[in-house]
Structures are given as C-alpha cells and as structure tokens.
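Open the model in your viewer and keep the selection panel at hand. We will go stop by stop.

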Amino acid sequence: MSLCKSASFTRTAISNASIGNIRGLGVDLVYVPRIMALLSRKPVYLTKFTQRILHEAEYVRATSMIDSRGRHDLFIARCWAIKEALFKSLDTSRQSGFRMRDWNTIDTSSPKPTISGGAIHKGEEFFVSVTHDGEYLLAAVIRGQSDQMSQ
Ligand SMILES: CC(C)(COP(=O)(O)OP(=O)(O)OC[C@H]1O[C@@H](n2cnc3c(N)ncnc32)[C@H](O)[C@@H]1OP(=O)(O)O)[C@@H](O)C(=O)NCCC(=O)NCCS
C-alpha cells in the first residue's frame with residue numbers, strides 16, 4: 001500500500017467530515033484469486049453472483065470488461081471489498097437489511113471510488129479508498145454525517 005495514498009485519503013476524509021461527525025469505519029481485505037475462483041464457475045453462476053453483488057451501473061461496467069478477464073475479476077473483487085467495508089461501517093440496524101446491489105461504488109466521470117445509491121441516508125457522506133498489491137486488495141470506508149443533519 002502506498003503511504004502517500006493512505007495519508008491523503010485520511011486528510012481528505014477528516015477535512016470533509018469533522019471527527020465528531022464520523023459515524024462508522026470499515027475495512028476489508030480480499031484475496032483476489034478466491035474471487036477469481038468463484039467467477040470461473042459456470043457462466044450462469046457468474047451472472048447470478050454478479051447480479052447479487054453489483055449495482056446496475058457496476059454491472060454495465062463489468063460487462064464492458066468481460067474480454068479482459070483479469071481486469072473484470074479485479075473490478076468485481078474491488079466492488080466486493082468496498083461493500084464489505086461499507087457494511088462494517090453501518091449501524092447494526094442497517095446491516096440487517098443490507099444488499100450489496102443497492103450501493104454503487106463507481107463514478108462514471110472519475111476513476112476515484114465513491115459510494116452512491118438509494119440506500120444512503122440524508123446528509124450521510126462516505127469516503128472510500130482502495131489499494132491492491134499482487135493478489136491482495138484492501139478497501140477502507142469512513143461513514144460521516146453532515147453538520148446540519150447530525151444535530
Ligand atoms: C460480518 C462480515 C462483514 C465479516 O466479513 P468476513 O469477510 O467474513 O471477515 P473479515 O475478516 O473481513 O472481518 C471479520 C471481522 O469483522 C468484524 N465484524 C464482525 N461482524 C461485524 C459487523 N456486523 N459489523 C462490523 N464489523 C463486524 C469483527 O471484528 C471480525 O473480526 P473477528 O472475527 O476477529 O471478531 C461478513 O461476513 C458479512 O456478513 N457481510 C455482509 C455483507 C454481505 O452482504 N456479504 C455478502 C453477500 S453475497
């Protein structure tokens with residue numbers, strides 16, 4: 001992991017959401033070959049698995065990558081790790097109804113990971129960072145609440 005990347009993520013997160021408004025933190029570490037093994041099962045399984053995990057926008061992106069299997073599988077691993085980290089950042093009451101496909105981790109205008117989707121509460125802000133090295137991919141998510149909504 002690049003230390004510069006990690007420090008700049010933390011600085012951005014803290015300047016955007018004051019420490020008092022941070023409501024949750026989650027991390028997840030994925031062994032990418034484990035995801036690749038899951039995805040190399042029958043095509044019908046791959047479709048079911050990706051539809052359960054991916055938001056509509058992510059599904060479109062993944063489909064466009066299918067010719068490059070390595071890139072495609074890394075993208076799925078990235079989505080998985082971000083959503084597991086996101087799950088950990090949520091309160092227990094929201095974890096019970098959690099569905100990965102309700103959350104979108106891509107921004108079509110930027111390569112930076114992000115979190116959007118109908119499951120976000122009013123005034124809630126998420127800060128995401130991902131890093132990968134060799135066969136491992138790590139995602140971190142900070143959940144914040146804007147000043148106006150936290151009174
Ligand atoms: C609970 C869950 C996040 C654990 O993830 P995991 O990959 O099995 O294990 P990890 O090593 O990443 O994390 C384990 C740690 O998460 C923490 N943890 C456990 N439950 C947690 C929860 N509900 N919220 C936040 N953190 C939790 C614990 O510290 C645990 O460490 P411990 O086992 O030493 O106590 C995961 O099993 C889960 O339920 N995810 C839900 C999201 C989802 O829908 N996933 C798949 C759908 S197809």
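Predicted model: local features only at pLDDT ≥ 70, side-chain atom pairs only at ≥ 80, totals over all residues.

Residues are numbered from 1 along each chain as its sequence is written.

**Stop 1: the sheet.** Select the 3 strands, which form an open antiparallel sheet in the order β1-β3-β2. Strands (E, at least two residues) and helices (H or I, at least four) are DSSP runs, numbered from the N terminus. Two strands pair if DSSP finds at least two bridges between them. At the edges lie β1 (22-31) and β2 (124-133), each pairing on one side only. Neighbouring strands are turned by 10 degrees against each other on average, direction ignored. Axes here are lines fitted to C-alpha atoms, for helices over the stretch in contact; angles run from 0 to 180 degrees between N-to-C directions.

Now pick β3 (residues 136-145): β2 and β3 pair in the antiparallel sense over 10 bridges. Look for Val-128, which stands opposite Val-141 in β3.

**Stop 2: across the sheet.** Select helix α2 (residues 32-39). This helix lies across β1 and β3, at about 70 degrees to β1. Contact means C-beta atoms, placed from the backbone, within 7 Å.

**Stop 3: Leu-25.** Leu-25 sits in strand β1. Beyond four places in sequence, Leu-25 is in contact with Ser-89 and Ile-142. Draw a distance to Phe-126: 101 residues away in sequence, 9.6 Å C-alpha to C-alpha.

**Stop 4: the core.** The largest nonpolar core has 26 residues; Ala-77, Ala-81, Ile-82, Val-128, Ala-139 and Val-141 touch the most other members. Such a core is a set of buried Ala, Val, Leu, Ile, Met, Phe, Trp, Tyr and Cys residues joined through C-beta atoms within 7 Å. The largest share, 9 residues, comes from α5. Centre on Ala-81: among its contacts beyond four places in sequence are Val-30, Val-130 and Leu-138.

**Stop 5: the ligand.** Show Asp-28, Arg-52, Glu-84, Phe-87, Lys-88, Gln-95, Phe-98 and Met-100, which surround the ligand. A residue is near a molecule if its C-beta atom, placed from the backbone, lies within 6 Å of it. Helix α5 (residues 69-89) gives the largest share of this shell, 3 residues.

Definitions and conventions:
Contact = placed C-beta atoms within 7 Å. Buried ≥ 20, exposed ≤ 12 C-beta atoms within 10 Å, placed from the backbone.
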